[in-house]
Amino acid sequence: MSKKRILVTGGTGYIGSHTVIELQQAGYEVIIIDNLSNSNIEVLDGIEAVTGTRPAFVKGDVTDVEVLRKLFETYPDIKGIINFAASKAVGESVEKPLLYYRNNLVSLLNLLELMPQYKVKGIVFSSSCTVYGEPDINPVTESTPFKTATSPYGNTKQISEEIITDTIKSGAPFKSVILRYFNPVGAHPSACVGELPNGVPQNLIPFLTQTAIGVRKQLSVFGDDYPTPDGSCIRDFIDVVDLARAHVMAVARIVDDKMDEPVEIFNLGTGRGVSVLELLHTFVNATGVDVPYVITERRAGDIIQVWANPEKANKVLGWKAEVPLEETMRNAWRWQLKLREKGIM
């Protein structure tokens, strides 16, 4: 039996690369398209080092419909798509809203328009807990109402979910699993892939590990005067490999015709809220490495606290977050040490 072919957009990015590994290990054939705007071609070496297989790679922009069309012609019989092609920094989206609306929405529109022409069965969409805004009650379930987004990034996720739902309601011949991530952290335990954003990291953990190794002078903790136990924001930090596994389960529901509804939505989190300062101390305790930090002003667009109720994903998807936070922190540090060894960071 030939392997089922899956297209992963943004597949050399942080979550994308870990998902490609899990897909290949589950027996899928993977095609990646990425414009490398926030990732590096060497990621393919890391994927190959773990799985023994180098995925097919197309350098291209998903906002260019002709590039996508050519990809579908070159690789016929793509059964499913996992869409990671999006800009994802909350702070940057406040400064560059048009970049975010164009990149995150046009890429999705192009995929949804082409899917019926090439008989793609469905799309797994990478959404975010930002769709809940500042929730009234935690933990949030999939039926927690959306609040007004606190950033253009969060708004693109809300709009994208609406676009997918409206398109499928109108009778489009495909299905979708929407995955609302909480806060992905860590790296592959092999230290062959991890988080390596281009330029100054917008995410907490790469900034933290770069500070721990001396690339950055100090870590900024944005605010210690929030109404939380230690004054810092609370998030649901989920190991990136756990998160990647959920995508394999989601894509299997699509390609094996196991979906209960044409659109299924799942929260992906641990179910536990951890503050930024608690995460910092967990890293120090897990690795024995000190991290100089300073408390600074609150950051625009930041939500005070949000964590998941992951029961639906546990029961329906058969997925559960398994990696302990201490292990996740050690994996993140191992990845940073590997980058130093290679002379990258």
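Predicted model: local features only at pLDDT ≥ 70, side-chain atom pairs only at ≥ 80, totals over all residues.
View A. Y132 is buried, at 0% relative accessibility, while F146 is partly exposed at 32%.

**View B. F283 and W333 make another edge-to-face pair.** Here it's 5.8 Å centre to centre and 85° between the planes. F283 comes from helix α9 (residues 276–287) and W333 from helix α11 (residues 325–341), so the pair ties together parts 50 residues apart in sequence. F283 counts as buried at 0% relative accessibility, and W333 is buried too, with a relative accessible area of 12%.

**View C. L23, L179 and L268 touch the most other members of the largest nonpolar core.** This core has 37 residues. Elements supplying at least two residues each include β1 (5–9), α1 (14–25), β6 (175–181) and β11 (263–268), but α8 gives the most, with 10. Zoom in on L179 and, beyond its neighbours within four places in sequence, you'll find contacts that include V124, F125, A246, A250, F266, L268 and L317. A second, separate core of 29 residues has A85, Y118, V120 and F174 among its members.

**View D. Two arginines sit over rings.** The charged end of R298 is over the ring of Y226, 3.9 Å from its centre. R216 lies over the face of F207, at 5.8 Å from the ring centre.

Key: Residues numbered from 1 in each chain as written. Heavy atoms only, no water. Core = buried A, V, L, I, M, F, W, Y, C linked by side-chain atoms within 4.5 Å. Buried < 20%, exposed > 50% of the residue type's maximum accessible area, 1.4 Å probe, protein only. Helix = DSSP H or I, 4+ residues; strand = E, 2+ residues; numbered from the N terminus. Contact = heavy atoms within 4.5 Å. Phe/Tyr/Trp six-rings, centres within 6.5 Å; stacked < 30°, edge-to-face > 60°. Lys NZ or Arg CZ within 6 Å of the ring centre and 35° of its normal.
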